[in-house]
Amino acid sequence: AQVGGMITPRDFVAARRFELLDDGSILGAIVDMGSHPDFPADMIPGSIRGEVGEGGAWITPTSTGCRYVSIMKMDIKGAVPLWAINRATTGNLFAQRDTLTKHLLGKPLDNSWSHLQPINADPAPPEALS
């Protein structure tokens, strides 16, 4: 979604992998796939292709639930005001939290993250990674 209707939409293509570790924690990694030939930069008309440098997530069980740590290095490309980046980032963080919570509770997903699957499932199809 555009921030305030003024920022051009961004498109990211990435591959992700999640592993359930012996201690019950989950470790995830994400890498950029923006140059993959199956996903040309003009795939979504009117968008700008950003880059996912690298990133990861670590989810550990606690006595009251879990701790979720996510680190992401991205280049959204283009000149975007810091206030717009902060606004969009905050919204995405809340969306990730809500999606993860619903997924872990086994509730149906009702947003754009609906391609997420249990970690023991087959990987998402390539079209779900853009």
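R49 is found in strand β4, residues 48-49 (strands are DSSP runs of E, at least two residues, and helices are runs of H or I, at least four, numbered from the N terminus). The model is predicted: local features need pLDDT of at least 70, side-chain atom pairs count only at pLDDT 80 or more, and totals for chains, interfaces and linings use all residues. Residues are numbered from 1 along each chain as its sequence is written, and side-chain values use heavy atoms, without hydrogens or water.

R49 counts as buried, at 14% relative accessibility (buried is under 20% relative accessible area, exposed over 50%, partly exposed in between; 1.4 Å probe, protein chains only). A polar atom of the R49 side chain lies 2.9 Å from the backbone oxygen of G34. The backbone oxygen of P40 lies 3.0 Å from a polar atom of that R49 side chain. Beyond four places in sequence, R49 is in contact (heavy atoms within 4.5 Å) with D11, V13, G34, F39, P40, A41, M43 and K77.

I71 lies in strand β6, residues 65-75. I71 is exposed, with a relative accessible area of 60%. Together with L21, L27, W58 and V69, I71 makes a nonpolar surface patch of about 450 Å².

The mean pLDDT (the predictor's confidence in each residue, from 0 to 100) of the protein chain is 76, and 76% of its residues reach 70 or more. Over residues 109-126, pLDDT stays under 50; the model has 28 contacts beyond four places in sequence for them. Where pLDDT is low, the predicted coordinates should not be read in detail.

Conventions. Patch = residues over 30% accessible without salt bridge, like charges linked within 9 Å, V, L, I, M, F, W, Y side chains within 5 Å. Areas by Shrake-Rupley, 256 points an atom, 1.4 Å probe, with all protein chains shown as cover. Salt bridge = Lys/Arg side-chain N within 4 Å of Asp/Glu carboxyl O. Polar contact = N/O pair within 3.5 Å; in protein donor to acceptor, adjacent residues only side chain to side chain.
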